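Here are some notes to read beside the structure. Please keep the sequence open and find each residue as it comes up.

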Amino acid sequence: MPLVAGNWKMNGDVELAEKMQQTFGATSIENVDILICPPFPYLSSLSSDSFAKGAQNLSQFAKGAHTGEVSATMLAEVGCQYVLIGHSERRQDNGESDDVVALKVQAALENKIIPVLCVGETEAIRESGDFLKCIAAQLDKVIALVGITQFAHMVVAYEPVWAIGTGKTASPEQAQEVHKFIRQHLAGLNSEVAQGLRILYGGSVKAANAKELFSQPDIDGGLIGGASLDPQEFLNICLAAKS
Ligand code: PGA
(Lines give C-alpha, C1' and ligand atoms only; values in the text may rest on other atoms or scores of the structure.)
Protein backbone atom coordinates (compact mmCIF):
# COMPACT_ATOMS: atom_id res chain seq x y z
CA MET A 1 0.00 0.00 0.00
CA PRO A 2 1.44 3.42 -0.90
CA LEU A 3 2.50 5.84 1.81
CA VAL A 4 2.24 9.61 1.46
CA ALA A 5 4.13 11.58 4.09
CA GLY A 6 3.98 15.29 4.79
CA ASN A 7 7.16 16.92 6.10
CA TRP A 8 6.28 20.35 7.45
CA LYS A 9 9.95 21.15 8.13
CA MET A 10 10.14 24.24 10.41
CA ASN A 11 6.76 25.54 9.28
CA GLY A 12 3.23 25.59 10.60
CA ASP A 13 1.59 26.60 13.84
CA VAL A 14 -1.20 25.49 16.17
CA GLU A 15 -3.76 26.64 13.61
CA LEU A 16 -2.29 24.43 10.88
CA ALA A 17 -2.18 21.46 13.26
CA GLU A 18 -5.89 22.01 13.96
CA LYS A 19 -6.72 22.31 10.26
CA MET A 20 -4.82 19.09 9.49
CA GLN A 21 -6.58 17.31 12.31
CA GLN A 22 -9.93 18.47 10.88
CA THR A 23 -9.09 17.56 7.27
CA PHE A 24 -7.47 14.20 7.91
CA GLY A 25 -8.82 13.21 11.33
CA ALA A 26 -11.97 11.67 9.94
CA THR A 27 -10.98 11.02 6.32
CA SER A 28 -9.08 7.82 5.86
CA ILE A 29 -8.33 7.21 2.20
CA GLU A 30 -8.79 3.63 1.23
CA ASN A 31 -5.56 1.91 0.20
CA VAL A 32 -3.28 4.84 1.04
CA ASP A 33 -1.34 5.27 4.28
CA ILE A 34 -1.00 8.90 5.35
CA LEU A 35 1.78 10.20 7.57
CA ILE A 36 2.06 13.72 8.98
CA CYS A 37 5.42 14.94 10.33
CA PRO A 38 5.01 18.33 12.04
CA PRO A 39 7.63 20.04 14.23
CA PHE A 40 7.93 18.46 17.71
CA PRO A 41 5.64 20.95 19.56
CA TYR A 42 2.63 20.02 17.42
CA LEU A 43 2.95 16.24 17.65
CA SER A 44 0.58 16.04 20.59
CA SER A 45 -2.09 18.10 18.78
CA LEU A 46 -2.37 15.48 16.06
CA SER A 47 -4.01 12.17 16.71
CA SER A 48 -6.21 9.92 14.63
CA ASP A 49 -6.67 6.36 13.44
CA SER A 50 -6.88 7.67 9.89
CA PHE A 51 -3.29 8.92 9.71
CA ALA A 52 0.01 8.18 11.38
CA LYS A 53 2.25 10.81 12.85
CA GLY A 54 5.99 11.07 12.73
CA ALA A 55 8.85 13.27 13.91
CA GLN A 56 11.40 14.93 11.65
CA ASN A 57 14.42 13.90 13.69
CA LEU A 58 15.49 12.07 16.83
CA SER A 59 18.64 11.71 18.89
CA GLN A 60 20.92 8.74 18.42
CA PHE A 61 21.31 8.71 22.23
CA ALA A 62 18.85 7.07 24.63
CA LYS A 63 18.88 9.82 27.28
CA GLY A 64 21.07 12.12 29.32
CA ALA A 65 23.03 15.32 28.90
CA HIS A 66 22.09 16.18 25.31
CA THR A 67 20.41 19.57 25.54
CA GLY A 68 17.85 20.20 22.85
CA GLU A 69 17.61 16.59 21.75
CA VAL A 70 14.58 14.30 21.71
CA SER A 71 14.89 10.54 22.21
CA ALA A 72 13.14 7.66 20.48
CA THR A 73 11.37 6.64 23.71
CA MET A 74 9.94 10.16 24.04
CA LEU A 75 8.65 10.02 20.48
CA ALA A 76 7.09 6.62 21.08
CA GLU A 77 5.40 7.97 24.20
CA VAL A 78 3.62 10.74 22.26
CA GLY A 79 2.43 8.25 19.66
CA CYS A 80 4.97 8.68 16.85
CA GLN A 81 4.96 5.66 14.61
CA TYR A 82 7.53 7.05 12.16
CA VAL A 83 10.56 9.33 12.17
CA LEU A 84 12.36 10.98 9.26
CA ILE A 85 16.09 10.28 9.42
CA GLY A 86 18.90 11.69 7.32
CA HIS A 87 16.92 14.38 5.54
CA SER A 88 19.34 16.35 3.38
CA GLU A 89 18.58 19.54 5.33
CA ARG A 90 19.77 17.82 8.52
CA ARG A 91 22.81 16.44 6.73
CA GLN A 92 23.60 19.97 5.52
CA ASP A 93 22.52 22.20 8.44
CA ASN A 94 23.52 19.89 11.27
CA GLY A 95 26.41 18.02 9.72
CA GLU A 96 24.74 14.63 10.11
CA SER A 97 27.10 12.07 8.62
CA ASP A 98 26.12 8.67 7.25
CA ASP A 99 27.44 7.19 10.53
CA VAL A 100 25.17 9.37 12.66
CA VAL A 101 22.24 8.63 10.36
CA ALA A 102 22.85 4.90 10.84
CA LEU A 103 22.91 5.29 14.64
CA LYS A 104 19.63 7.21 14.52
CA VAL A 105 18.03 4.46 12.42
CA GLN A 106 19.18 1.95 15.04
CA ALA A 107 17.74 4.05 17.89
CA ALA A 108 14.36 4.28 16.13
CA LEU A 109 14.22 0.56 15.36
CA GLU A 110 15.07 -0.35 18.96
CA ASN A 111 11.97 1.59 20.00
CA LYS A 112 9.72 0.18 17.30
CA ILE A 113 9.48 3.48 15.44
CA ILE A 114 9.63 3.12 11.67
CA PRO A 115 12.58 5.08 10.26
CA VAL A 116 12.00 6.88 6.98
CA LEU A 117 15.60 6.84 5.78
CA CYS A 118 16.21 9.75 3.39
CA VAL A 119 18.87 9.45 0.72
CA GLY A 120 19.68 11.60 -2.27
CA GLU A 121 22.46 13.22 -4.26
CA THR A 122 23.39 16.87 -4.61
CA GLU A 123 23.24 18.65 -7.95
CA ALA A 124 27.04 18.41 -8.32
CA ILE A 125 26.98 14.65 -7.81
CA ARG A 126 24.06 14.28 -10.23
CA GLU A 127 26.06 16.19 -12.85
CA SER A 128 29.18 14.14 -12.22
CA GLY A 129 27.17 11.04 -13.11
CA ASP A 130 28.10 9.29 -9.84
CA PHE A 131 24.69 9.57 -8.22
CA LEU A 132 23.94 5.86 -7.93
CA LYS A 133 27.27 5.33 -6.16
CA CYS A 134 26.34 8.09 -3.72
CA ILE A 135 22.94 6.51 -2.99
CA ALA A 136 24.55 3.08 -2.49
CA ALA A 137 27.06 4.53 -0.01
CA GLN A 138 24.27 6.19 2.00
CA LEU A 139 22.36 2.90 2.17
CA ASP A 140 25.41 0.75 2.89
CA LYS A 141 26.30 2.54 6.14
CA VAL A 142 22.85 1.77 7.50
CA ILE A 143 22.88 -1.82 6.26
CA ALA A 144 26.29 -2.34 7.89
CA LEU A 145 24.99 -1.22 11.29
CA VAL A 146 21.45 -2.60 11.49
CA GLY A 147 21.48 -5.40 8.90
CA ILE A 148 19.42 -5.86 5.77
CA THR A 149 16.54 -7.69 7.49
CA GLN A 150 15.72 -4.54 9.49
CA PHE A 151 14.72 -2.89 6.20
CA ALA A 152 11.49 -4.91 6.59
CA HIS A 153 10.64 -2.38 9.34
CA MET A 154 11.77 0.71 7.45
CA VAL A 155 10.82 3.06 4.64
CA VAL A 156 13.36 4.63 2.27
CA ALA A 157 12.80 8.05 0.71
CA TYR A 158 14.74 9.10 -2.37
CA GLU A 159 15.04 12.88 -2.35
CA PRO A 160 17.43 14.37 -4.88
CA VAL A 161 18.77 17.47 -3.11
CA TRP A 162 18.48 19.51 -6.31
CA ALA A 163 14.73 18.85 -6.41
CA ILE A 164 13.89 19.77 -2.80
CA GLY A 165 11.96 23.01 -2.54
CA THR A 166 13.26 24.12 -5.94
CA GLY A 167 10.22 23.37 -8.06
CA LYS A 168 12.59 21.23 -10.17
CA THR A 169 11.04 17.78 -9.83
CA ALA A 170 12.97 14.76 -11.02
CA SER A 171 11.25 13.41 -14.08
CA PRO A 172 9.32 10.19 -13.47
CA GLU A 173 12.03 8.37 -15.45
CA GLN A 174 14.88 9.89 -13.44
CA ALA A 175 13.13 9.01 -10.18
CA GLN A 176 12.24 5.51 -11.34
CA GLU A 177 15.85 4.84 -12.34
CA VAL A 178 17.06 5.54 -8.80
CA HIS A 179 14.16 3.77 -7.09
CA LYS A 180 14.79 0.68 -9.18
CA PHE A 181 18.48 0.88 -8.33
CA ILE A 182 17.70 1.11 -4.58
CA ARG A 183 15.46 -1.95 -4.78
CA GLN A 184 17.99 -3.94 -6.80
CA HIS A 185 20.83 -2.92 -4.49
CA LEU A 186 18.91 -4.24 -1.48
CA ALA A 187 17.64 -7.28 -3.40
CA GLY A 188 21.24 -8.33 -3.85
CA LEU A 189 21.23 -8.94 -0.09
CA ASN A 190 17.64 -10.01 0.52
CA SER A 191 15.12 -10.07 -2.30
CA GLU A 192 12.07 -10.55 -0.09
CA VAL A 193 12.89 -7.51 2.01
CA ALA A 194 13.62 -5.46 -1.12
CA GLN A 195 10.31 -6.42 -2.74
CA GLY A 196 8.33 -5.46 0.36
CA LEU A 197 10.14 -2.16 0.95
CA ARG A 198 8.26 1.11 0.41
CA ILE A 199 10.43 3.61 -1.45
CA LEU A 200 9.05 7.16 -1.46
CA TYR A 201 9.99 9.95 -3.84
CA GLY A 202 10.45 13.47 -2.49
CA GLY A 203 11.33 16.75 -4.15
CA SER A 204 8.80 19.32 -5.38
CA VAL A 205 5.89 16.87 -5.50
CA LYS A 206 2.52 18.56 -5.93
CA ALA A 207 -0.96 17.38 -6.83
CA ALA A 208 -0.26 18.23 -10.49
CA ASN A 209 2.75 15.91 -10.86
CA ALA A 210 2.03 13.29 -8.16
CA LYS A 211 0.04 10.81 -10.22
CA GLU A 212 2.71 10.40 -12.88
CA LEU A 213 5.45 9.94 -10.29
CA PHE A 214 3.42 7.52 -8.17
CA SER A 215 2.54 5.41 -11.21
CA GLN A 216 6.18 4.37 -11.69
CA PRO A 217 6.70 0.72 -10.75
CA ASP A 218 9.23 1.33 -7.96
CA ILE A 219 7.71 4.50 -6.52
CA ASP A 220 5.54 3.58 -3.54
CA GLY A 221 4.43 7.03 -2.45
CA GLY A 222 5.90 10.41 -1.65
CA LEU A 223 7.57 12.58 0.94
CA ILE A 224 6.02 15.99 0.52
CA GLY A 225 7.47 19.23 1.87
CA GLY A 226 5.98 22.57 0.77
CA ALA A 227 2.79 21.10 -0.68
CA SER A 228 1.99 19.31 2.59
CA LEU A 229 1.35 22.65 4.31
CA ASP A 230 -1.88 23.11 2.39
CA PRO A 231 -4.39 20.54 3.67
CA GLN A 232 -6.39 20.43 0.42
CA GLU A 233 -3.29 20.12 -1.78
CA PHE A 234 -1.89 17.41 0.48
CA LEU A 235 -5.21 15.57 0.37
CA ASN A 236 -5.14 15.70 -3.44
CA ILE A 237 -1.61 14.27 -3.42
CA CYS A 238 -2.78 11.47 -1.13
CA LEU A 239 -5.66 10.77 -3.53
CA ALA A 240 -3.19 10.62 -6.44
CA ALA A 241 -1.49 7.68 -4.70
CA LYS A 242 -4.67 5.60 -4.97
CA SER A 243 -4.07 3.04 -7.64
P1 PGA B 1 9.55 19.78 -1.15
O2 PGA B 1 10.36 19.06 0.05
O3 PGA B 1 8.35 18.92 -1.42
O4 PGA B 1 9.20 21.13 -0.61
O5 PGA B 1 10.49 19.83 -2.30
C6 PGA B 1 10.44 17.67 0.16
C7 PGA B 1 11.23 17.29 1.38
O8 PGA B 1 12.25 17.93 1.65
O9 PGA B 1 10.88 16.35 2.13
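1. Strand S6 covers residues 155-158. Val155 and Ala157 point one way from S6, Val156 and Tyr158 point the other way, and all are buried. Buried means under 20% relative accessible area, exposed means over 50%, and partly exposed is in between, with a 1.4 Å probe and protein chains only. Strands (E, at least two residues) and helices (H or I, at least four) are DSSP runs, numbered from the N terminus.

2. This is a predicted model, in which local features need pLDDT of at least 70, side-chain atom pairs count only at pLDDT 80 or more, and totals for chains, interfaces and linings use all residues. Residues are numbered from 1 along each chain as its sequence is written, and side-chain values use heavy atoms, with hydrogens and water left out.

3. What do the strands form? A closed barrel of eight strands runs S1-S2-S3-S4-S5-S6-S7-S8, with parallel pairing. On average, neighbouring strands of this sheet are turned by 25° against each other, direction ignored. For such angles, axes are lines fitted to C-alpha atoms (for helices, over the stretch in contact), and angles run from 0 to 180 degrees between N-to-C directions. Two strands pair if DSSP finds at least two bridges between them.

4. S6 has partners on the S5 and S7 sides. S5 and S6 pair in the parallel sense over four bridges, and the partner of Val119 in S6 is Tyr158. S6 also pairs in the parallel sense with strand S7 (residues 198-202), over four bridges. There, Ala157 stands opposite Leu200 in S7.

5. Strand S4 (residues 82-85) runs parallel to strand S5 (residues 114-119), and four bridges join them. Tyr82 has Ile114 as its bridge partner in S5. On the S3 side, two bridges join S4 to strand S3 (residues 52-55), again in parallel, and Gly54 stands opposite Tyr82. Tyr82 and Leu84 point one way from S4, Val83 and Ile85 point the other way, and all are buried.

6. Strand S1 (residues 3-7) and S2 run parallel and are joined by five bridges. The bridge partner of Asn7 in S2 is Cys37. Strand S2 spans residues 33-37, and four of its five residues are buried, so S2 is largely enclosed by the rest of the structure.

7. Ile34 is found in strand S2. Is it buried or exposed? Ile34 counts as buried because its relative accessibility is 4%. Not counting residues up to four places away in sequence, Ile34 touches Leu3, Val4, Phe24, Ile29, Ser50, Phe51, Ala52, Phe234 and Cys238; contact means heavy atoms within 4.5 Å. Ile34 and Cys118 are 84 residues apart in sequence and 17 Å apart in space, C-alpha to C-alpha.

8. The largest nonpolar core has 67 residues, of which Phe151, Ile182 and Phe214 touch the most other members. A nonpolar core is a set of buried Ala, Val, Leu, Ile, Met, Phe, Trp, Tyr and Cys residues joined through side-chain atoms within 4.5 Å. With residues up to four places away in sequence left out, Ile182 touches Val119, Ile135, Leu139, Val156, Tyr158 and Ile199. Another core, of 13 residues, lies apart from the largest one and has Ala5, Leu84, Val155 and Ala157 among its members.

9. Which residues lie nearest the centre of the largest pocket? They are Lys9, Met10, Gln56, Asn57 and Arg90, out of 14 lining residues. Helix H3 (residues 88-93) gives the most to this lining, with three residues. The pocket holds about 340 Å³ of space. On a 1 Å grid over the protein atoms alone, a pocket is an open set of points where a 1.4 Å probe fits, with protein on both sides within 12 Å along at least five of seven lines; lining residues have an atom within 4 Å of a point.

10. Two loop residues have a backbone angle to check. Lys9, in the loop between S1 and helix H1 (14-25), has a positive phi near 55°. Asn31, in the loop between H1 and S2, has a positive phi near 65°. Most residues other than glycine have a negative phi. Asn31 counts as partly exposed because its relative accessibility is 49%.

Definitions and conventions: Points joined across faces, edges and corners; volume = space filled by probe spheres on them.
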